[in-house]
Amino acid sequence: MQYSSRFTNSAGGVKELYYSNGGMIDMSKQTVTPTGGLSARSASEMGMKPNLLTSFSLVEKAEAVETDANTHGDPETAANMRNWMECVRSRKTPNASIEAGYSHSIALCMNVAAIKTGQKVTFDEKTQQVMAGGKVYA
């Protein structure tokens, strides 16, 4: 299994840290450290054993990690946005209809619902709602 995610803002830079009782994964540095792990002092207060990982790198040698929010657009996306902006100005109909955009957003919402619930997802045309496991997904 692989999970990938980048949360950032216009300032750029990944601030993605994952903590466990053994330590921390720092995605910007691609390292694992004992930071935040269960120290001897804290463990003794809870009647537990300490659990601190040894530090190590997730990559064999220093590799640059892309952390910018700007992942650079593709030509098709730029053309689509240009068409949309021109249509806002001219009041003409865009290359893609509103129905096409709506259908695309339904598919995206269904995908998110399936990933989050792990259940079969359908779309109820009558109520215009995404259904996960037979129940409305909100």
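## Pocket lining

The lining of the largest pocket comprises 5 nonpolar, 3 polar and no charged residues, where Ala, Val, Leu, Ile, Met, Phe, Trp, Tyr, Cys and Pro count as nonpolar, Asp, Glu, Lys and Arg as charged, and the others, Gly among them, as polar. The residues concerned are Pro 94, Ala 96, Ser 97, Ile 98, Ala 100, Gly 101, Tyr 102 and His 104, and the volume of this pocket is about 170 Å³. A pocket is here an open set of points, on a 1 Å grid over the protein atoms alone, where a 1.4 Å probe fits and with protein on both sides within 12 Å along at least five of seven lines, while lining residues have an atom within 4 Å of a point. Grid points are joined across faces, edges and corners, and the volume is the space filled by probe spheres set on the points.

## Basis of the model

This is a predicted model, in which local features need pLDDT of at least 70 and side-chain atom pairs count only at pLDDT 80 or more, whereas totals for chains, interfaces and linings use all residues. Residues are numbered from 1 along each chain as its sequence is written, and side-chain values use heavy atoms, with hydrogens and water left out.

## The four-stranded sheet

An open sheet is formed by 4 strands in the order S1-S2-S3-S4, with antiparallel pairing. Strand S1 (17–19) and strand S4 (56–57) are at the edges with a single partner strand each, so one side of each has no neighbour in the sheet. Strands (E, at least two residues) and helices (H or I, at least four residues) are DSSP runs numbered from the N terminus, and two strands pair if DSSP finds at least two bridges between them. S1 and strand S2 (residues 24–26) run antiparallel and are joined by 3 bridges, with Tyr 19 standing opposite Met 24 in S2.

Strands S5 (residues 121–124) and S6 (residues 129–132) pair in the antiparallel sense over 4 bridges, and Asp 124 stands opposite Gln 129 in S6. Buried means under 20% relative accessible area, exposed over 50%, and partly exposed in between (1.4 Å probe, protein chains only).

The hairpin has 4 residues between its two strands. Gln 128, in the loop between S5 and S6, has a positive phi of about 60 degrees although it is not a glycine, and at 37% relative accessibility this residue counts as partly exposed.

## Helices and a salt bridge

Helix H2 (residues 75–90) has 16 residues and reaches 22 Å from its first C-alpha to its last, close to the 22 Å expected at 1.5 Å a residue, the expected span being 1.5 Å times one less than the number of residues. Just after H2, Arg 91 takes a positive phi of about 65 degrees although it is not a glycine. Arg 91 is found in the loop between H2 and helix H3 (98–117), and is exposed with a relative accessible area of 77%.

The model contains 1 salt bridge, defined as a side-chain nitrogen of Lys or Arg within 4 Å of a carboxyl oxygen of Asp or Glu. The side chains of Glu 45 and Arg 41 meet in this salt bridge at 3.6 Å, N to O. Glu 45 and Arg 41 are 4 residues apart in helix H1 (residues 40–45), and are therefore separated by about one helical turn. Glu 45 is exposed at 57% relative accessible area, and Arg 41 also counts as exposed, at 66%.
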